[in-house]
Amino acid sequence: MPKTKFQEVIFTIMMVLVMVYAMVVYNISMDKGGLENQVFLLAFGELGIMGVIGFVLEMLIAGPLAKKLAFRLVTPGEDKSIIVILAISAMTVCVMCPMMSLVATVLFKGVDSQLIAKWIQITVVNFPMALCWQIFFAGPLVRMIFGRIFPEK
């Protein structure tokens, strides 16, 4: 886990790239009615803007808020580290998913009288995927790579 501000920025960039790319692939495939090979390439087109937005939201809002919420449930140093990691990860999804779904709704579905309904629907569809992807795939993968880049002494 990150120990310095520099490491936190690198970790966040890595996690945002893995999460945002997967969620963009997921949303494009939902719009197309299924996953097709071309979706993996199409997702790179949205990754730039959604990645930057995701990074900013994570660093300024979601990261600090997720930790605050998680630390109401767990205590670092007292609870097992995996429990702390899972609490932070789950709270991050709880904060990021609605925010990123709102961004996606505005950018890709437009602003109209159905904005709130569209946003809620997209959030509900995205949440299970985001939570499972974070807990079972993105989180472990990014922590493994990060640990190799920044080994603990």
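This is a predicted model: local features need pLDDT of at least 70, side-chain atom pairs count only at pLDDT 80 or more; totals for chains, interfaces and linings use all residues.

A polar contact here is a pair of N or O atoms within 3.5 Å, and within protein one of them must be able to donate a hydrogen and the other to accept it.

A polar atom of the Thr105 side chain lies 2.6 Å from the backbone oxygen of Ser101. Is Thr105 buried or exposed? Its relative accessibility is 0%, and buried means under 20%, so Thr105 counts as buried. Which residues is Thr105 in contact with, once its neighbours within four places in sequence are left aside? They are Gly110, Leu115, Lys118, Trp119 and Ile122.

I turn now to helix packing. Helix 1, residues 5-32, packs with helix 2, residues 37-70, at an angle of about 130 degrees, and their axes are 6 Å apart. The two helices, helix 1 and helix 2, are therefore oblique to each other. Their crossing is right-handed. By class, the contact of helix 1 with helix 2 has 18 nonpolar, five polar and six charged residues.

Helix 1 also packs with helix 4, residues 115-149. For this pair the angle is about 140 degrees, with the axes 9 Å apart. The crossing of helix 1 and helix 4 is right-handed. In the contact of helix 1 with helix 4, the classes are 19 nonpolar, five polar and one charged residues.

Thank you for your attention.

Notes. Residues are numbered from 1 along each chain as its sequence is written. Side-chain values use heavy atoms; hydrogens and water are left out. Axes are lines fitted to C-alpha atoms, for helices over the stretch in contact, and angles run from 0 to 180 degrees between N-to-C directions. Helices (H or I, at least four residues) and strands (E, at least two) are DSSP runs, numbered from the N terminus. Angles under 35 degrees count as roughly parallel, over 145 as roughly antiparallel, 65 to 115 as roughly perpendicular and the rest as oblique. A crossing is left-handed if the near helix is turned anticlockwise from the far one by less than a right angle, and right-handed if clockwise. Ala, Val, Leu, Ile, Met, Phe, Trp, Tyr, Cys and Pro count as nonpolar, Asp, Glu, Lys and Arg as charged, and the others, Gly among them, as polar. Buried means under 20% relative accessible area, exposed over 50%, partly exposed in between (1.4 Å probe, protein chains only). Contact means heavy atoms within 4.5 Å.
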